[in-house]
Amino acid sequence: MSMVTGTWKLRRGAGKRATPRTWSLRDRLALTAGLAAPLLVSLALVPFRTGVSHTNAALILVVVVVAVAALGSRTAGVVAALSAAAWFDFFLTRPYETFDITASADIGTAVLLMAVGLIVSQLAARARRLEVMTVTDAAHLARIHRTADLVQSVNSADTVVDHVRTELTDLLGLRACRFEYGSLLGRPPRLEKDGSVTAGRRTWNPDTDGWPEGEIELRAYGNGHYLGRFLLTPGPGPVPSLQARLVAVILADQTGAALDTAGPVRG
């Protein structure tokens with residue numbers, strides 16, 4: 001079995017304690033830009049509004065929304081999209097300087113501007129979260145390499161599962177950790193590949209929301225096939241960093257590779 005060795009790559013960001021959300025200076029500036037930038041750009045387009053098509057004006061405002069979302073937060077991007085749609089209506093469609101639109105084509109353009117702005121702000125925020133970084137924490141690298149060596153050297157998937165259970169318990173500060181093969185009963189919250197948690201239809205950010213109640217599943221896949229899951233019971237301490245959660249995902253993937261090669265763990 002081929003295992004990746006050397007430097008491991010993870011997504012950018014370090015976790016924080018589960019504390020109430022506070023707005024950083026960057027977030028506040030991004031929100032201000034989300035409100036003001038579409039207004040200023042719309043005002044700059046006013047002298048040219050009879051010569052610039054409404055589609056081109058809307059595209060210019062979409063660029064503004066993307067810039068705000070890329071530099072700030074998802075919330076700032078949403079604010080920018082709503083602001084862009086409002087000022088496009090107010091300054092660049094007839095009757096000018098009212099929030100009324102008489103032409104159906106302009107209504108469609110305004111709706112599309114808002115929809116596209118909302119979508120790209122979500123994509124920009126997600127792309128920022130998934131930006132890669134190098135794992136430099138020696139303890140995290142040691143866990144990954146220990147597990148990789150074990151997967152290569154033993155024929156028993158049970159041994160790998162037991163080893164990873166211990167690693168996950170220590171890494172994530174768990175109260176308990178168990179492995180369940182081949183069953184997906186119930187819908188517990190799930191630790192995702194990007195270090196976030198999904199609980200039902202909600203995306204849960206452990207860094208700001210803390211762990212959800214109850215067990216959290218971390219699935220193990222081999223060659224793209226679901227082979228089992230770790231069920232994690234969080235401990236009373238602070239939520240582990242995003243980097244630690246991403247290392248946990250790698251350990252689960254290594255378990256999946258062991259299961260795929262050596263056979264399933266049952267019981």
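## Exercises on a predicted model

Pro95 is found in the loop between α3 and α4 (104-129). The structure is a predicted model. Work through the tasks in order.

**Exercise 1. Are helices α1 and α3 roughly parallel or roughly antiparallel?**

Step 1. Find the helices. α1 covers residues 25-45, and α3 covers residues 74-92.
Step 2. Get the geometry. Their axes come within 8 Å and cross at roughly 25°.
Step 3. Apply the cut-off. Angles under 35 degrees count as roughly parallel, so α1 is roughly parallel to α3.
Step 4. α1 passes α3 in a right-handed crossing.
Step 5. List who touches. On the α1 side the contact includes Leu31, Leu35, Leu39 and Leu43. On the α3 side it includes Val79, Trp87, Phe88 and Phe91.
Step 6. Sort by class. The contact of α1 with α3 has 15 nonpolar residues, four polar ones and no charged ones.

**Exercise 2. How do α1 and α2 run relative to each other, and which residues meet?**

Step 1. Get the geometry. α2 is made of residues 54-71. The axes of α1 and α2 come within 9 Å and cross at roughly 165°.
Step 2. Apply the cut-off. Angles over 145 degrees count as roughly antiparallel, so α1 and α2 are roughly antiparallel to each other.
Step 3. Name some partners. Among them are Ala33, Ala37 and Val41 in α1, which meet residues including Ile60, Leu61 and Val64 in α2.
Step 4. Sort by class. The contact of α1 with α2 divides into 13 nonpolar, two polar and one charged.

**Exercise 3. How many charged residues are in the contact of α5 with α6?**

Step 1. Find the pair. α5 spans residues 138-153, and α6 spans residues 157-172.
Step 2. Get the geometry. Their axes come within 10 Å and cross at roughly 170°. α5 and α6 are therefore roughly antiparallel to each other.
Step 3. The contact includes Arg143 and Arg146 of α5 and Glu167 and Asp170 of α6.
Step 4. Give the classes. The contact of α5 with α6 has five nonpolar, four polar and four charged residues.

**Exercise 4. Which residue forms a salt bridge with Glu215, and where do the two lie?**

Step 1. Start with the total. The structure holds 14 salt bridges.
Step 2. Find the partner. Glu215 pairs with Arg178, and their closest N and O atoms are 2.9 Å apart.
Step 3. Glu215 is in the loop between α7 (206-209) and β7 (216-222), and Arg178 is in strand β3 (residues 174-181), so the pair ties together parts that are 37 residues apart in sequence.

**Exercise 5. Where does pLDDT stay under 50?**

Step 1. Take the whole chain. Its mean pLDDT is 81, and 82% of its residues reach 70 or more.
Step 2. Find one stretch. Over residues 1-21 pLDDT stays under 50, and the model has 63 contacts beyond four places in sequence for them.
Step 3. Find another. Over residues 130-134 pLDDT also stays under 50, with 19 such contacts beyond four places in sequence.

Technical notes:
Residues numbered from 1 in each chain as written. Predicted model: local features only at pLDDT ≥ 70, side-chain atom pairs only at ≥ 80, totals over all residues. Heavy atoms only, no water. Axes fitted to C-alpha atoms, helices over the stretch in contact; angles between N-to-C directions. Helix = DSSP H or I, 4+ residues; strand = E, 2+ residues; numbered from the N terminus. Parallel < 35°, antiparallel > 145°, perpendicular 65-115°, else oblique. Left-handed = near helix turned anticlockwise from the far one by under 90°. Contact = heavy atoms within 4.5 Å. Nonpolar A, V, L, I, M, F, W, Y, C, P; charged D, E, K, R; others polar. pLDDT = per-residue confidence, 0-100. Salt bridge = Lys/Arg side-chain N within 4 Å of Asp/Glu carboxyl O.
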